[in-house]
Amino acid sequence: KHLLTTDGLSQNNVFDIAQDLNGFIWIATEEGLNRYDGKNFVHYRNNLEDPNSIANNFIRKVFIDKDGVLWVGTRKGLSKYNVLLDNFENYYHQEGNNESLKDDVVWDIYQDKDNNIWVSTANGIHKFNEANNHFKQSLKMSWHESIKCPDYKYFKNKNGEKLSIKI
């Protein structure tokens, strides 16, 4: 089936798609996050008056981790979906806080074999610390490319520096 705005999709430019453990299809667009149940769409958009709305409407990445948690990478922050409250916990760059994202431009989200969540942004790669709900800035770099191989995911910055994560 081909879905368009005439079917209820918030925007026709789709950047990523993932299916969660409940069978919902999550669709990342330039105009918000869409949840599709096979018939109907639910739209999630940023609301400046609601700190638990999605971080930004320009969605680049949707990722379902091994526990079934939906992570959403946006142009202005990272959001983690709370299925019980039907809202989001948001993570942003905080000036002077080394346990926050280095910047808010999220490009990729990944989970390694040890269940660590990794987030790549325009200026670094970050490892999520679930115990304190913060990030460790693992590598400061300008995002250039990431390559996934059978046992590792490789990242390389503009200077050719590499980081590999065993999957």
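1. Val83 counts as exposed because its relative accessibility is 56%, where exposed means over 50% relative accessible area, buried under 20% and partly exposed in between (1.4 Å probe, protein chains only). Val83 is found in the loop between strand E7 (77-82) and strand E8 (87-91); strands are DSSP runs of at least two residues, numbered from the N terminus.

2. The model is predicted: local features need pLDDT of at least 70 and side-chain atom pairs pLDDT 80 or more, whereas totals for chains, interfaces and linings use all residues. Residues are numbered from 1 along each chain as its sequence is written, and side-chain values use heavy atoms, with hydrogens and water left out.

3. The loop between E7 and E8 also holds Asp86. Asp86 is not a glycine, yet it has a positive phi of about 55 degrees. Asp86 is partly exposed, with a relative accessible area of 39%.

4. Val83 also belongs to the lining of the second largest pocket, along with residues including Asp67, Val69 and Tyr81. A pocket is an open set of points on a 1 Å grid over the protein atoms alone, where a 1.4 Å probe fits, with protein on both sides within 12 Å along at least five of seven lines; lining residues have an atom within 4 Å of a point.

5. Among the residues lining the largest pocket are Asp67, Val69 and Asn115. Asn115 lies in the loop between strand E9 (106-111) and strand E10 (117-121). Although not a glycine, Asn115 has a positive phi of about 70 degrees. At 44% relative accessibility, Asn115 counts as partly exposed.

Note on methods. Helices (H or I, at least four residues) and strands (E, at least two) are DSSP runs, numbered from the N terminus.
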